[in-house]
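I opened a new notebook page for this structure and wrote down what I looked up, one topic at a time.

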Amino acid sequence: MMPFLNFFACISLVLAWLTAPVAAEEVKAGDLVITQAWSRATPGGAKIAGGYLTIENKGGAPDRLIGGTGDVASKVEVHEMATKDGVMTMRPLDKGLVIEPGKTVKLAPGGYHLMLMDLKGPLKQGDKVPLTLEFEKAGKVNLSLDVQAVGAQAPGGGDHSGGNMEMKKTPDHSGSKM
Ligand SMILES: [Cu+2]
């Protein structure tokens, strides 16, 4: 019986690895483990880009993603995207994004994301974009976003180029339509 079980355990491990969207670079900071940090190539002239990652809190206390910095953008914000009355909206999380102890929070297209504002240049597929994220407890964390193809992993138009999207409370976004 045991070899049989081991065989399946092995298969599921391999499958989990194969289905991971990005080759896992793991960044540890205190109790936090950050994986699958990625972004998307930007079409010409785009001034904003999304950043996505998975954050696991292995500690016993909540932490909070406050924001970040990077040479590629003049500002990195934490945003939330939601559909309200059929309209896609997004807003900066002024108080940051809480990562509860024992929980994993995924920043992904259509939900929470990092917003790279006022890009200094286009993001190209295959690039690694260095960023420093700032957490309330874990402090500053260096990582890089793996830039995927334009439109990668954005089923259902969860990106920022969508049609009837409304920007709230973020004057910086105006004029930066892709
Ligand atoms: Cu945003």
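Predicted model: local features only at pLDDT ≥ 70, side-chain atom pairs only at ≥ 80, totals over all residues.

**Salt bridges**

I began with Glu 26, which is partly exposed, with a relative accessible area of 49%. The side chain of Glu 26 meets that of Lys 28 in a salt bridge, with 3.1 Å from N to O, and Lys 28 is exposed at a relative accessible area of 60%.

I then turned to Lys 128 and Asp 146, which form a salt bridge with their closest N and O atoms 2.4 Å apart. Lys 128 belongs to strand β10 (residues 128-135) and Asp 146 to strand β11 (residues 139-148), so this pair ties together parts that are 18 residues apart in sequence. I noted that Lys 128 counts as exposed at 54% relative accessibility, whereas Asp 146 is buried, with a relative accessible area of 12%.

**The copper ion**

Which residues are the protein donors of the copper ion? I found His 79 (ND1), Met 90 (SD), His 113 (NE2) and Met 115 (SD), lying 2.1 to 2.3 Å from the ion. The four donor atoms subtend angles of 96 to 123°, and therefore the arrangement is tetrahedral, because for four donors all angles must lie between 85 and 135 degrees. Along the sequence I read the spacing of the donor residues as H-x10-M-x22-H-x1-M. His 79 in strand β5 (residues 73-84) and Met 115 in strand β9 (residues 113-119) are 36 residues apart, and the pair links distant parts of the chain. I checked their burial as well: His 79 is buried with a relative accessible area of 0%, and Met 115 counts as buried at 0% relative accessibility.

**An aromatic pair**

My search of the whole structure for aromatic pairs found one. Trp 38 and Tyr 52 form this pair, which is tilted, with 4.7 Å from centre to centre and 40° between the planes. Trp 38 lies in strand β2 (residues 32-40) and Tyr 52 in strand β3 (residues 49-57), so the pair ties together parts 14 residues apart in sequence. Both Trp 38 and Tyr 52 are buried.

**The whole protein**

Last, I noted that the protein has one helix and twelve strands, and that 43% of its 178 residues count as buried.

Conventions: Residues numbered from 1 in each chain as written. Heavy atoms only, no water. Phe/Tyr/Trp six-rings, centres within 6.5 Å; stacked < 30°, edge-to-face > 60°. Helix = DSSP H or I, 4+ residues; strand = E, 2+ residues; numbered from the N terminus. Buried < 20%, exposed > 50% of the residue type's maximum accessible area, 1.4 Å probe, protein only. Donors = N, O, S within 2.8 Å, 3.2 Å for Na, K, Ca; no water. Tetrahedral: all angles 85-135°; square planar, octahedral: opposite > 155°, others 65-115°. Salt bridge = Lys/Arg side-chain N within 4 Å of Asp/Glu carboxyl O.
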